[in-house]
Amino acid sequence: MYTINKSTFKVSQMDCPSEEQMIRMKLESNPQIKYLDFDIPNRKLDVYHQGNAQEINVALGALKLGEKLLGTEKAETPITEDETKQKKILWWVLYINFGFFVIEMTTGWISSSMGLIADSLDMLADSIVYALSLFAVGGAISRKKKVAKFSGYFQMALALLGFSEVVRRFLSSSETPLFQWMIIVSIFALIGNLVSLWLINKAKSKEAHMQASAIFTSNDIIVNGGVILAGVLVYFLDSKWPDLVIGGVVFAFVMRGAIRILKLSK
């Protein structure tokens, strides 16, 4: 360890792993930066670096995430946690998310449920973020940006197709989705996300990307609950409207995720 500077930034729009990845890709190529310590719940970033903070401030400003330099002080480079253990957990979370993307997409089409299809794309969005985190190491930033660009446009295209299908079903006399599939598959997806959250919390990691993953997974649990509720309402109301409403809402989240992923490629 050696003495360097620690500059603390307030980043008002940093609230999920996507913003963390944007910042990492923007700053990690700078040889003067030795370590990045993210505090996503409090929207703060500590940058351990050599030299002054002006260049870092300018780089963060280009991302337009509402950054503000709070101060700079002398510090020592912190000791990082066990990355091997963290990566193993993130791989499991990635497998769970991508597995349920395939399952929910398939059963969503079979059961004519836009809620399940939208939730499957939300799972895909999470899988992309986790994959980018795992594959982005050292000098792989340029490759990561290419993958992010392709993934973002692909996800955006799927979200737009989903929106158009929701509108078509709103305007036409489409069939009522099979509520049994909606409820059963979403319950299994909920269990999958609970297992993911348990694995992440089991690590007891203070690293930002692990804490952000916990926040991401908690949001997914809420989405799963929304699809289950929609399935129950479809049963009691004998109507397609609850499924289309939840589908439209989740597609909006998927589109927001796609836009954030595209920002990673810039």
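Author: Contact here means heavy atoms within 4.5 Å. Keep in mind that the model is predicted.

Reader: Fine. Which residues does F251 touch, if I skip those up to four places away in sequence?

Author: Its partners on that count are M114, I117, A118, L121, A159, G162, F163 and V166. F251 is also listed, with F101, M114, L121, M182 and V250, as having the most contacts inside the largest nonpolar core, which has 28 residues.

Reader: Which helices each supply at least two residues of this core?

Author: Helices 3, 4, 5, 6, 7 and 8 each do. Helix 4 gives the most, with nine residues. Apart from this core lies another one of 17 residues, M22, I23, F38 and L60 among them.

Reader: What makes N97 count as buried?

Author: Buried means under 20% relative accessible area. N97 has 1%, so it counts as buried. N97 is in helix 3, and beyond its neighbours within four places it's in contact with M123, D126, S127, Y130, N193, S196 and D220.

Reader: And why is D37 called partly exposed?

Author: That label covers values between the 20% and 50% cut-offs. D37 comes in at 27%, so partly exposed it is. D37 sits in strand 2 and, again leaving out residues up to four places away, touches K44, L45, D46 and Y48.

Reader: How do you know that K6 and E73 meet in a salt bridge?

Author: The test is a side-chain nitrogen of Lys or Arg within 4 Å of a carboxyl oxygen of Asp or Glu. For K6 and E73 the N to O distance is 3.2 Å, so the pair passes.

Reader: What joins E165, R168 and R169 into one network?

Author: Take the two pairs in turn. E165 and R168 have their closest N and O atoms 2.8 Å apart, and the pair lies in helix 5, three residues apart. E165 and R169 also come to 2.8 Å, four residues apart in helix 5. Both distances are within 4 Å, so both pairs are salt bridges. These bridges share partners, and that joins E165, R168 and R169 into one network.

Note on methods
Residues are numbered from 1 along each chain as its sequence is written. This is a predicted model: local features need pLDDT of at least 70, side-chain atom pairs count only at pLDDT 80 or more; totals for chains, interfaces and linings use all residues. Side-chain values use heavy atoms; hydrogens and water are left out. Buried means under 20% relative accessible area, exposed over 50%, partly exposed in between (1.4 Å probe, protein chains only). A nonpolar core is a set of buried Ala, Val, Leu, Ile, Met, Phe, Trp, Tyr and Cys residues joined through side-chain atoms within 4.5 Å.
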